[in-house]
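Morning, everyone. I have one structure for you today. Let me put it on the screen.

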Amino acid sequence: MTELSHVEIATDGACKGNPGPGGWGVVIRHGGREKEMSGGEPLTTNNRMELRAAIEGLNALKRPCRVTLSTDSRYVMEGLTKWIHGWRRNGWRTADKKPVKNAELWQALIDAAAPHRVEWVWVKGHAGHPDNERADRLASNAADAARGP
């Protein structure tokens, strides 16, 4: 079997007001190459942008890879490592039987991650982690652009 290529993805989301204009940013590194991506929405939340960053980063990969994906979002990390199993088992309802917020994005993230072997890594935000700082700038700039003129 062929060894999967290793790709590093750093993601971040930003919101100017919560809800408000928001943006997501992604830095992808593979071999000696790097790619930056970003996008925004005029009315969203920070959590939605954190999820979108991870989805967009994974969807940008053209073939199955071994991925190290870093995020500064406890929401994304806790959701993926703890809560999601119960949500799926309970038909996308929380333990207190309420609908899971952002369920469509969680499902999109599961689909985006499925072809890959993903290692999820939490990094402290705004603490000088170079790739997280880059992703944060991309997300913040996209949120500013989503505000419009």
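This is a predicted model: local features need pLDDT of at least 70, side-chain atom pairs count only at pLDDT 80 or more; totals for chains, interfaces and linings use all residues.

Start with the fold. The chain has 4 helices and 5 strands. In sequence order, the pattern reads β-β-β-α-β-α-α-β-α.

Next, overall dimensions. The C-alpha trace spans about 45 × 45 × 25 Å along its principal axes.

How much of the chain is buried? Of the 149 residues, 45% count as buried. The accessible surface comes to about 8100 Å². Carbon and sulfur atoms hold 51% of that surface.

Now contacts. Residues 24 or more positions apart account for 66% of them.

On to one helix. H3 covers residues 103-113. Which of its residues are buried? They are Ala103, Leu105, Trp106, Leu109, Ala112 and Ala113. Think about helix geometry here. An α-helix has 3.6 residues a turn, so residues three or four places apart point the same way. And what covers the buried residues of H3? The cover includes helix H1 (46-59), helix H2 (74-89) and strand S5 (117-122).

Look for it in strand S4, residues 66-71. Is Ser70 buried or exposed? The cut-off for buried is under 20% relative accessible area. Ser70 has 11%, so it counts as buried. What does Ser70 touch, leaving aside its neighbours within four places in sequence? The contacts are Ile9, Ala10, Thr11, Val121 and Val123.

Last stop, the largest pocket. Its volume is about 300 Å³. Which residues line the pocket? By type, the lining divides into 5 nonpolar, 2 polar and 5 charged residues.

Where do they come from? Strand S2 (20-30) and strand S3 (33-44) each supply at least two. S3 gives the largest share, 3 residues.

That's the tour. Happy to go back to any part of it.

How values were computed:
Residues are numbered from 1 along each chain as its sequence is written. Side-chain values use heavy atoms; hydrogens and water are left out. On a 1 Å grid over the protein atoms alone, a cavity is a set of points where a 1.4 Å probe fits but cannot get out, and a pocket is an open set with protein on both sides within 12 Å along at least five of seven lines; lining residues have an atom within 4 Å of a point. Grid points are joined across faces, edges and corners, and a volume is the space filled by probe spheres set on the points. Ala, Val, Leu, Ile, Met, Phe, Trp, Tyr, Cys and Pro count as nonpolar, Asp, Glu, Lys and Arg as charged, and the others, Gly among them, as polar. Buried means under 20% relative accessible area, exposed over 50%, partly exposed in between (1.4 Å probe, protein chains only). Contact means heavy atoms within 4.5 Å. Accessible areas come from the Shrake-Rupley method with a 1.4 Å probe; for residues, only the protein chains shown count as cover.
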